[in-house]
Amino acid sequence: MDRDIQKAVEAGQRTEAAMLLVRNWCAHVRVKKFGGTGMIEQMTGLPIGNHGLECDFATAGGMYTWDLRESALDFYDRNCIDCKHRKPVGVPNLSTLVKERDDARAAEAARVATEQQKQAEAQEARVLARTQLRQSLGPLSSAIVDHIDEFDAQRDQEHRDRLCESARLAPEHFVVPLVEYIFELTEKEPWFTEAGLTILDYVKGDPARIARLAIAPLGKAGPIDTHARVLLSRIEHIDPAQITNAVPTVIEYARPYDEFHFGREREPKPELLQALWAAYPAPLREALDRLLSSRRRYMVELGARGLLAIHPSDPLVLKPFLRSMVSKFSRAELLLDDYDEYRSSFRFLRDAIVAAFEGAPEEMDALVQEYVSGTDKRSKDHGYKIYEAVLRYDYDGPVIPPTSRVHRIAFKRLLWAATTEESEKVLQHAHEMLRGRPRQMVEIARAELDGLLGAALLLDDRLRRHDEAKPAEGEKTFLDVLERSNQRSTIIHLMKSLIEWASSAAKGDPALMQKVVALFGQIPEGRNDLHGIVLGCIEHFSDTVEGLKLVLPHLYYGLVGPSSRVRAYAAEALGDMRHDNIPPLVYEAFLALLLDPYVVVHQAAVDALGHLELPEELQGRAAQALLNLVKYYSQKSGEDRFLIECVRELAYELRRLREAKGKVGQYLVQVLLKTDPLYLKSNIRSLGNALGKTEGFVDLVLKLLPGLDGHNHHREDELRLLAELPDAAILSRRDAFEKLGMDVASDRPWLAAYIVQELARAGAWSEASRVADAGAKVEPTVYNESRLIYMTFMKITAAFEEAIAEGRSNALEALSKQWEENVKREEEFKADVARRNSRSSFPHTR
């Protein structure tokens, strides 16, 4: 993390220095930032982030880059080279960067020219050598040398294949001198390696020499399909001393790193690595051990990939590396120089450890326990993460049987750790294991049902200790309070997961369901969180009549009981369960929760109401209760989130009754007009479905439109609702829409364009024309040209439609001429943009 902060600071320092150069270059240029301001930028005052350049005499757009120097040079190339409006400020300026860039380009061009000259001279020497070689060859062998000449001159697939096909079809014409020359050329010239190996393979050259040639380049990057094919047929001729350097490349070939393949996913080809392991285990073991012992994360992961590639052919391959794998995983912070807690996921090392666990569960468990039993907190946290990794499963895979020793061991270890370890990380590992429903782990959960229930009871003790513990002196800051709240939430969520798994596993089994329900009787008095959490089993048990009979008394007691917290949990449980066989008395009890004086209760009831279908005779009372809540919360501050939720539920009830356009619906709209736009924005789409045709809803759209920014505006719900407003609603607020359009025309012309479009659609032609005219009234600079053209089109369109609507056909010819002139203006501007972009150093801007 410290490295990332340092990199951000250094980037900010580079951008700050570049800003000075840019500002000294020209008084017209402006540096603009894309995106928000981060914490490091706030703390240091440095310009950290993506920046670009703007100028009235440059076209809009351009590059926004992390390093301002890159976008500045691109801007210079496109806009400054032939600019006649430059207004110099001082030195040093942008010319410094331009000179450095141009000097670097010149140096690179000189280097390339020198290299090309050397290559040309080397090619001439090879041609001369082949001329001398022909003197000792017959006509057909000389023709093969001609093919080599052609391939040397044009190194493409066609000439390579022609040469290789000659060896395949006529190996007898590859006489000894010619074969010796091909050996020498393959040794010296990398461009000829693949072709040379293919030829030598076909003509059956010296196998040891071919193997040496094939394995030698494997320490370097490049495709090795040919090398692998040649080596596989000559495994016994490989020099063991060459294996160590070749292993990293062979592993990459056997198990490619597939996280960022950018559409070019490579197929794993483990055959060569597996063959090397079978024939030369000692040097390969040494190479793998060296990789796993590295202090670089990539090399460790590479070694793990090698083990995973060999494992299918030899399950015992992991045996010698058990301790080194667990040690590296558990103590990564100490054993790696580039360890990053937030990025070092050790995906392949983790998978190799899991494979080892599956092969030797007791031995691996004992090994992991050595690390989790120590005093080092981080090693302990990472050790328990191994158990969590072991318990990951494929959602599409088969159900894991209860006889699986691997899963039973890891499951018990994490359950026990969740109740005894104080580390938040360990709790997170346990919660990660129990996330969602058991699915393929359902049989394991059924076998460990007692452990799940016992862990829930023990965690409740931990929750009680947490609640009773008083913060130490000096630990009452906002962050301390937030941390304690997060700790409590982690325990609560883990308890919910334990009950979720237990009830999912017991579902359908009367004896096991009875065991879960019996937990209610074991809960000590006053343990309201645990009591409420256990009510979560209702979601699973209510699927059957037998299960419903078991839990219904506890649900009803929860709904009417003395604990406000349990009543809230009971409302949540009722919302989550099936409602096929619910007695009316339960709904009666639930309805009372909407009137409950405790906030936590009636808020939970409103949330659950969205999942319920109340009996017809109770729906009116529920609507009245919601209306009472709306009236109460509309008078309170800071409660807009819940107020909007109540309005939404009541609005949908009104829509069901076809009364959304009535007085209550209009009242709800007026309530919403007073709420915080932040909460209103996130619910406006669903509110529009219920109240979109209600009088005054147009004012809600007008309230939210000014808050739109230019990012992803095509997906904004407000714009969709704007397009769905009835013409009458828009005409009733035509003045407000015109004012809004005029206000945003200068800085958000795209929003003004939407307003023009909807005003025109409703027939408010004059207002649409005036908004479009306001959008076109900006300084006529190159930067504003695109906007001017666009808004002129909008203005002409509005005027054209207005003339047709008013029957002024004599105005259409002049408007058509204006349109044609604007089209010509647009074409000229596009040509100018293309000319500027053609000078850009970024290919995709050309």
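Colleague: Is cysteine 80 buried or exposed?

Modeller: Cysteine 80 is buried, because its relative accessibility is 16%. Buried means under 20% relative accessible area, exposed over 50%, and partly exposed in between, with a 1.4 Å probe and protein chains only. This is a predicted model: local features need pLDDT of at least 70, side-chain atom pairs count only at pLDDT 80 or more, and totals for chains, interfaces and linings use all residues. Residues are numbered from 1 along each chain as its sequence is written, and side-chain values use heavy atoms, with hydrogens and water left out.

Colleague: How many disulfides turn up in the whole structure?

Modeller: Zero, searching the whole structure. A disulfide here is a pair of cysteine sulfur atoms within 2.5 Å. Cysteine 80 is in none; its nearest cysteine sulfur belongs to cysteine 83, 6.3 Å away.

Colleague: Switching topic. What's the overall make-up in helices and strands?

Modeller: The protein has 44 helices and two strands. Those are DSSP runs, numbered from the N terminus: helices are H or I with at least four residues, strands are E with at least two.

Colleague: What radius of gyration does the protein have?

Modeller: 37 Å, whereas a compact globule of 846 residues would have one near 28 Å. The radius is taken over C-alpha atoms, and the globule rule is 2.2 Å times the number of residues to the power 0.38. The C-alpha trace spans about 110 × 90 × 55 Å along its principal axes.

Colleague: How much of it is buried?

Modeller: Buried residues are 49% of the 846. As for contacts between residues at least 6 apart in sequence, 68% join residues at least 24 apart. Contact means heavy atoms within 4.5 Å.

Colleague: Now helix 17 and helix 18. At what angle do their axes cross?

Modeller: Roughly 125°, and the axes come within 5 Å. Helix 17 covers residues 347–359 and helix 18 covers 361–372. That makes the pair oblique. Under 35 degrees is roughly parallel, over 145 roughly antiparallel, 65 to 115 roughly perpendicular, and the rest oblique. Axes are lines fitted to C-alpha atoms, for helices over the stretch in contact; angles run from 0 to 180 degrees between N-to-C directions.

Colleague: Which residues make that contact?

Modeller: Helix 17 gives Ile353, Ala356, Phe357, Glu358 and Gly359; helix 18 gives Pro361, Met364, Asp365 and Val368.

Colleague: What about glutamine 603, where is it found?

Modeller: In helix 32, residues 599–609. Glutamine 603 is buried, because its relative accessibility is 19%. Leaving out residues up to four places away in sequence, it touches Tyr633, Glu639, Arg641 and Phe642.

Colleague: What phi does arginine 439 have?

Modeller: A positive one, about 45°, although arginine 439 is not a glycine. Most residues other than glycine have a negative phi, and most peptide bonds are trans. Arginine 439 lies in the loop between helix 21 (424–433) and helix 22 (442–447). At 53% relative accessibility, arginine 439 is exposed.
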